[in-house]
Amino acid sequence: MAGIAEREHLYRLMISQLHYDGYEGVAATLHQACAAMPGISPSQRLLATVKAGFEAEGQELGGVSKDKPSQSIMNACLDLQFDSEDQKSSASPGLYEPLYTTSHKAPCSVACFNNAGTLAATGSLDSSIKVLDVDRMLAKLHKGTEDVHPVVRTFYDNTDTITAIEFHPTQQILAAGSRDCTVKLYDHSKSAVKKAMKTVQEVLPISSLSFHYSGEYMLIATQHPTLRLYNVATMQCYVSCNAADQHHGPVTSVAYASDFNVYASASKDGAVKLWDAVSNRCISTWSAAHGGAEVTSAKFTKNGKYLLTSGKDSNVLLWELSTGRVVNAYKGALQTAASAPAVFNHTEDYVLLPDEVNTICSWDSRTGEMQRRLPSGHSSGIECISHSPIMPAFITCSNDFRMRFFYHHTGTL
């Protein structure tokens, strides 16, 4: 039988969900009956928890049995082997609306979400890092939430621009790479802590980083052709035993595939490389992947079958790993100077890329059809975009010092 603490937590989730759904009167009545509880902001966490429970039992929300236990996972992944005419399960990014904005003291450079989609983080040229509660940003959908402050942590231990940022997959740790040639690990579970708990010292500025799913290893790319693999516990560094494996220019992006047996790297030399994550050896090189232009980002699909890359030729390409060929090209954006990454939305139905006229371009990931452009509202260039892994929401970072949180609210949640 559930204890008092568990029941209080359940009631908090119920009140939060009722607020989120617009049932303010019912929420207020229940809140009054539980008068000992502190202020509760609107959230859809209860709905997400119930959905996850039904999926674990092999049912849809509402009690209908599912035809395939993994159907929801399949629907959330891009797979060109399946019928591309299936109805989209998510809204076009062109329909998103700005919901929350916060500013740094200098241009905002990078952003990311944690795997659960409950936290986000931004970094800046002022060397600061902000951690934000996603539910508190979503609370801005409702009136009377002026006193809800989404920024829950701020870190100041770096001494130069934050250039890469990622949450640890299993622990409450945030990794941040910087032009100060360090990667610092911050414990974001402690509100009073402002300094890093651990530091990796490199000799050149950091450009990208990626955690292995276990959290035991971390890939680090610097302004150097050689990739580094670190043991997070010991901070021991590994590189490929074959110098010919490495790039011929600085590495711009690194990413693990979903099965974590492979990782990818992109470089200013115009090449994309695939690596064996066990032997740390290069297994494939796609030279001049973007016609010789710098490759600015690389990201795997959830099923690990495809790799999405963007380059300074203004194109976004979808590569099939099994054949090494381009299976889709997303064109129409302008990106010849900026280095903002291309990303998928949470269901991988769409591809997003900020362009140099401060709009968010998006495409149908299967057909390549360009969608309606979304004005970003930024007054200067966009440096980064990061999409939530679980909901129709993304963050943009700009040289106007601001981060903006966009969300598509269906009105039914």
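**Exercise 1.** Leaving aside its neighbours within four places in sequence, which residues is Gln201 in contact with?

*Solution.* This is a predicted model, in which local features need pLDDT of at least 70, side-chain atom pairs count only at pLDDT 80 or more, and totals for chains, interfaces and linings use all residues. Residues are numbered from 1 along each chain as its sequence is written, and side-chain values use heavy atoms, with hydrogens and water left out.

Step 1. Locate Gln201: it sits in strand 9, residues 198-201. Strands are DSSP runs of E, at least two residues, numbered from the N terminus.

Step 2. Apply the cut-off: contact means heavy atoms within 4.5 Å. The partners of Gln201 are Asp180, Cys181, Thr182 and Tyr230.

Step 3. Take Asp180. Gln201 and Asp180 lie 21 residues apart in sequence, yet 9.0 Å apart in space, C-alpha to C-alpha.

Step 4. Take Cys181. The Gln201 side chain reaches the backbone oxygen of Cys181 at 3.3 Å.

**Exercise 2.** Is Gln201 buried or exposed?

*Solution.* Buried means under 20% relative accessible area, exposed over 50%, partly exposed in between (1.4 Å probe, protein chains only). Gln201 has 54%, so Gln201 is exposed.

**Exercise 3.** What is the order of the strands in the open sheet of four strands?

*Solution.* Step 1. The order is 2-3-4-5, with antiparallel pairing. Two strands pair if DSSP finds at least two bridges between them.

Step 2. Find the edges: strand 2 (108-113) and strand 5 (151-155) each pair on one side only.

Step 3. Look at strand 4, residues 129-133: it pairs with strand 5 over four bridges, in the antiparallel sense. Val131 has Arg153 of strand 5 as its bridge partner.

Methods:
Polar contact = N/O pair within 3.5 Å; in protein donor to acceptor, adjacent residues only side chain to side chain.
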